[in-house]
Amino acid sequence: MQKILFICHGNICRSPMAEFVMKDLIKNNNLENQIYISSAATSTEELGNDIHPGTRSILLQKNIPFEKRHARQVTKGDYKEYDYLVVMDENNIRNLKRIIGEDRDKKVYRLLDFTDRAGDSIADPWYTGNFVLTYEDVLYGCSGLLEFLRKKI
C-alpha cells in the first residue's frame with residue numbers, strides 16, 4: 001500500500017482539501033485498498049481545529065465527501081510511516097525539514113511536481129480568500145499524482 005501525507009502550514013485549508021480530493025479520486029478509481037491518504041501541518045497554530053469553512057464549502061459544492069477532523073502537526077515518525085510527503089509550497093518544505101531533518105529517502109514533493117507545473121506552489125486561501133483557485137490547483141495536482149501512482153502500483 002502506498003501512503004501519502006499531504007502537508008500545509010495549518011492543516012485546515014490546503015492539505016485537508018488535497019486529502020479529501022485525493023480520497024475521492026482514489027475511490028472513483030477503485031484504488032482504496034492500494035493507496036492510503038492523510039494530512040498534517042508544519043505549524044502548531046491550528047492544532048485540533050476542523051477544516052476551514054472555505055474548504056468545507058468548496059468540497060460541498062464539488063460533492064466531495066469529507067469528515068470532521070482535527071488538524072495535527074507532522075512528526076518525525078511520519079517520515080518513516082509515509083511513502084510520499086506532499087507539500088503545497090516552498091515554505092512548507094523548509095518548515096517540514098525542521099521537523100523531519102534531511103529528506104534522505106527523497107520522499108518530499110510539492111503537489112504540483114506531479115504536473116507540468118513542477119516547482120509551482122498552491123496558493124494559501126487563508127491569505128488569498130480564493131478557495132476556487134486553490135481547489136483547481138489541488139485537483140490538478142492530485143490528478144497528476146494519481147497518474148504517477150498508477151504507474152507504480
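**Notebook: pocket, sheet and single residues**

I began with the largest pocket, which is lined by 13 residues; Lys 23, Asp 24, Ile 26, Lys 27 and Glu 32 lie nearest its centre. I note at once that this is a predicted model. The volume of the largest pocket comes to about 220 Å³.

I asked which element gives the most to the lining of the largest pocket. H1 does, with 5 residues. Helix H1 covers residues 14-28, and strand S2 covers 35-41; each supplies at least two residues of the lining. I then sorted the lining by class. I found 8 nonpolar and 5 charged residues, and no polar ones.

**Entry: the strands**

I went from S2 to its partner. S1 and S2 pair in the parallel sense, and I have 7 bridges written down for them. Within this pairing, Ile 7 stands opposite Ala 40 in S2. S2 is mostly covered, with 6 of its 7 residues buried.

Next I looked at what else S1 pairs with. S1 and S3 are also parallel, over 4 bridges. In S3, Ile 7 has Val 87 as its bridge partner. So far, then, I have Ile 7 opposite Ala 40 in S2 and bridged to Val 87 in S3.

I followed Val 87 onward. S3 and S4 pair in the parallel sense over 3 bridges. The bridge partner of Val 87 in S4 is Arg 110.

Are the two faces of S3 covered or open? Both are covered. Tyr 84 and Val 86 are buried on one side, and Leu 85 and Val 87 are buried on the other.

**Entry: helix H4**

I turned to H4, residues 90-100. Its buried residues are Asn 92, Ile 93, Asn 95, Leu 96 and Ile 100. A helix has 3.6 residues a turn, so residues three or four places apart point the same way. I kept that in mind while reading the list.

What covers the buried residues of H4? The cover includes strand S1 (2-8), H1, helix H3 (76-81), strand S3 (84-87) and strand S4 (108-110).

I checked both ends of H4. At the start, a side-chain oxygen of Asp 89 comes to within 3.0 Å of the backbone nitrogen of Asn 91. Just after H4, Gly 101 takes a positive phi of about 85°.

**Entry: two positive phi values outside glycine**

I looked up Asn 63 next. Asn 63 sits in the loop between H2 and H3. Its phi is positive, about 55°, although it is not a glycine. Is Asn 63 buried or exposed? Asn 63 is exposed, because its relative accessible area is 65%, and the cut-off for exposed is over 50%.

Lys 106 lies in the loop between H4 and S4. Here too I read a positive phi of about 55° on a residue that is not a glycine. At 61% relative accessibility, Lys 106 counts as exposed.

Where does Arg 69 lie? I found Arg 69 in the loop between helix H2 (53-61) and H3. Arg 69 counts as buried because its relative accessibility is 10%, and buried means under 20%. I then listed its contacts, leaving aside neighbours within four places in sequence. Arg 69 is in contact with Asn 11, Pro 16, Glu 19, Phe 20, Ser 39, Asn 49, Asp 50 and Ile 51.

Ser 38 lies in strand S2. At 13% relative accessibility, Ser 38 is buried. Ser 38 is in contact with Ile 4, Leu 5, Phe 6, Glu 19 and Tyr 82.

**Entry: Glu 147**

With a relative accessibility of 42%, Glu 147 counts as partly exposed. I also took a distance from Glu 147 to Leu 5. The two residues are 142 residues apart along the chain, and their C-alpha atoms are separated by 17 Å.

Definitions and conventions
Residues are numbered from 1 along each chain as its sequence is written. This is a predicted model: local features need pLDDT of at least 70, side-chain atom pairs count only at pLDDT 80 or more; totals for chains, interfaces and linings use all residues. Side-chain values use heavy atoms; hydrogens and water are left out. On a 1 Å grid over the protein atoms alone, a cavity is a set of points where a 1.4 Å probe fits but cannot get out, and a pocket is an open set with protein on both sides within 12 Å along at least five of seven lines; lining residues have an atom within 4 Å of a point. Grid points are joined across faces, edges and corners, and a volume is the space filled by probe spheres set on the points. Ala, Val, Leu, Ile, Met, Phe, Trp, Tyr, Cys and Pro count as nonpolar, Asp, Glu, Lys and Arg as charged, and the others, Gly among them, as polar. Buried means under 20% relative accessible area, exposed over 50%, partly exposed in between (1.4 Å probe, protein chains only). Contact means heavy atoms within 4.5 Å. A polar contact is a pair of N or O atoms within 3.5 Å; within protein, one must be able to donate a hydrogen and the other to accept it, and residues adjacent in sequence count only if both atoms are side-chain atoms. Two strands pair if DSSP finds at least two bridges between them.
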